[in-house]
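Here are some notes on the model, for reading beside the coordinates. Please check each point against the view.

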Amino acid sequence: MNQSEPGQARRSVPVDQLINSLCATVPDYPKPGIVFKDLTPVFANGAALHAVVDALVEPFKGQFDAVAGVEARGFLLAAAAAYATNTGVITVRKAGKLPRKVVAEDYALEYGTATLELHTTDLPAGSRVLILDDVLATGGTLGAATRLFERCGIHVAGVGVVMELGELRGRSALTGHRVRSLIRI
């Protein structure tokens, strides 16, 4: 690959700088006063996606049997990470999206609650899973995902996120779990 190919020059850039350079900032979305950090341009850049996936799985290499993605952007990361590490991929879905027997976990949102579900038989008890998502905010979603796996007898090897919103203190919902965030804002 030569330097003129898209994304090639970015491979030598540290992953946090790469994410910051590609992440789009959208003011007043989804409502006035919110500054939304859109990671889809990071995922759209092949070299950046590769660097992000490598950085997320590196601290956990050899410590997981499958990679789980939390709906929806976590699916992108988990599929790429599973492929890169020759492991399986598991989906943690919103309620009502999985067709077989599930275990469900409610979690708090800013205004109300939501539910995540996991098939009970995709991984045998005793397996190890790495959970990936795009953003760690309040920790509600990722906390619910970790509890789902634990209820199925699956060891959570760690949690990886691209971006952590530090002031929302989401790590407190993941106490006892190794958390890897590539950037913290």
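1. Start with N86, which sits in the loop between helix 4 and strand 4 (88-94). Helices (H or I, at least four residues) and strands (E, at least two) are DSSP runs, numbered from the N terminus. Phi of N86 is near 55 degrees, a positive value in a residue other than glycine. N86 counts as exposed, at 75% relative accessibility. Buried means under 20% relative accessible area, exposed over 50%, and partly exposed in between (1.4 Å probe, protein chains only).

2. A word on the basis. The model is predicted: local features need pLDDT of at least 70, side-chain atom pairs count only at pLDDT 80 or more, and totals for chains, interfaces and linings use all residues. Residues are numbered from 1 along each chain as its sequence is written, and side-chain values use heavy atoms, with hydrogens and water left out.

3. Look next at the loop between strand 1 and strand 2, where D28 is placed. D28 has a positive phi, near 60 degrees, in a residue other than glycine. Its relative accessibility is 48%, so D28 counts as partly exposed. P30 is found in that loop between strand 1 (24-27) and strand 2. The peptide bond joining Y29 and P30 is cis, with omega about 5 degrees.

4. Which residues form an aromatic pair? The structure holds one such pair. Y29 and F36 make it, edge-to-face, at 5.3 Å centre to centre and 80 degrees between the planes. Rings of Phe, Tyr and Trp (its six-membered ring) pair if their centres lie within 6.5 Å; planes under 30 degrees apart count as stacked, over 60 as edge-to-face and the rest as tilted. Y29 is partly exposed at 45%, and F36 is partly exposed at 25%.

5. A cis peptide bond also runs from E71 to A72, with omega near 0 degrees. A72 is in the loop between strand 3 and helix 4.

6. Strand 7 (residues 128-136) deserves a look. Seven of its nine residues are buried. Strand 3 (residues 66-70) runs parallel to strand 7, joined by four bridges; two strands pair if DSSP finds at least two bridges between them. A68 has I131 of strand 7 as its bridge partner. Eight bridges join strand 7 to strand 8 (residues 155-164), again in parallel. R128 stands opposite H155 in strand 8.

7. Strand 7, helix 5 (residues 140-151) and strand 8 form a right-handed β-α-β unit. Right-handed means that, with the strands pointing away from the viewer, the path from the first strand over the helix to the second runs clockwise. G153 lies in the loop between helix 5 and strand 8. G153 is 4.6 Å from A125, C-alpha to C-alpha, though 28 residues apart in sequence.

8. Now the largest pocket, with a volume of about 1,400 Å³. Of its 36 lining residues, the closest to the centre are F36, V135, A137, L165 and L168. A pocket is an open set of points on a 1 Å grid over the protein atoms alone, where a 1.4 Å probe fits, with protein on both sides within 12 Å along at least five of seven lines; lining residues have an atom within 4 Å of a point. Among the elements that give two or more residues to the lining are strand 2 (35-38), strand 7 and helix 5.

How values were computed. Points joined across faces, edges and corners; volume = space filled by probe spheres on them.
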